[in-house]
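Here are my notes for your first look at this model. Please read them with the structure open beside you.

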Amino acid sequence: KSLAMAAYRCKAMTRALKYFETHLRRYAKSGEAKSSPKLGNGESGYMYSQKDLAIYQRIYGSLHEPDGMEGISSLKRSSSIKDQIHFLESNGQWAEALTRYEQALQISSNFECHLGIVK
């Protein structure tokens, strides 16, 4: 996971994806990931932490990979406004992203939200 985060900070997104997927596979094999009931396609899956899924989604978003973002969104139990904004921006849904930024500003007057609106 550390290598994935270092690659992410260096903007080496494909490498970050490779390392993060390796981390998730090891996590699943170690037995720490909880086994989930059968998925819609009849296969068993693993329940990863919401924090890991958020990181995974950010990496896919930086790669401009909407299919990956959509797949990860389906695994998440809930999305924060920040995750929703990132997803919408990655998919080019600027009007929806602006609406989420305005919602975030109503919750807290965050500098990052002001910058997002200016984008």
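1. Start with the terms. Helices and strands here are DSSP runs, numbered from the N terminus; a helix needs at least four residues and a strand at least two. The model is a predicted one. On that basis, the chain has seven helices and two strands. Their order along the sequence is α-α-β-β-α-α-α-α-α.

2. Next, the chain as a whole. It has 119 residues, and 34% of them count as buried. Take the contacts with a separation of 6 or more: 38% of these join residues 24 or more positions apart.

3. Now the inside. The largest nonpolar core holds 19 residues. Phe20, Tyr48, Tyr56, Ile59 and Tyr60 have the most contacts inside this core. Helix 1 (2–9), helix 2 (13–30), helix 3 (50–62), helix 4 (66–75) and helix 5 (81–90) each give two or more residues to the core. Helix 2 supplies the largest share, six residues.

4. Look at Ile59 in detail. Leaving out residues up to four places away in sequence, Ile59 touches Tyr8, Met13, Ala16, Leu17 and Phe20.

5. How do helix 3 and helix 4 pack? Their axes lie 9 Å apart, at an angle of about 165°. Angles over 145 degrees count as roughly antiparallel, so this pair is roughly antiparallel. The crossing of helix 3 and helix 4 is left-handed.

6. Which residues meet there? Helix 3 brings Gln50, Leu53, Tyr56, Gln57, Tyr60 and Gly61. Helix 4 brings Gly68, Met69, Ile72, Ser73 and Leu75. By class, the contact of helix 3 with helix 4 has six nonpolar residues, five polar and no charged ones.

Technical notes: Residues are numbered from 1 along each chain as its sequence is written. This is a predicted model: local features need pLDDT of at least 70, side-chain atom pairs count only at pLDDT 80 or more; totals for chains, interfaces and linings use all residues. Side-chain values use heavy atoms; hydrogens and water are left out. A nonpolar core is a set of buried Ala, Val, Leu, Ile, Met, Phe, Trp, Tyr and Cys residues joined through side-chain atoms within 4.5 Å. Buried means under 20% relative accessible area, exposed over 50%, partly exposed in between (1.4 Å probe, protein chains only). Contact means heavy atoms within 4.5 Å. Axes are lines fitted to C-alpha atoms, for helices over the stretch in contact, and angles run from 0 to 180 degrees between N-to-C directions. Angles under 35 degrees count as roughly parallel, over 145 as roughly antiparallel, 65 to 115 as roughly perpendicular and the rest as oblique. A crossing is left-handed if the near helix is turned anticlockwise from the far one by less than a right angle, and right-handed if clockwise. Ala, Val, Leu, Ile, Met, Phe, Trp, Tyr, Cys and Pro count as nonpolar, Asp, Glu, Lys and Arg as charged, and the others, Gly among them, as polar.
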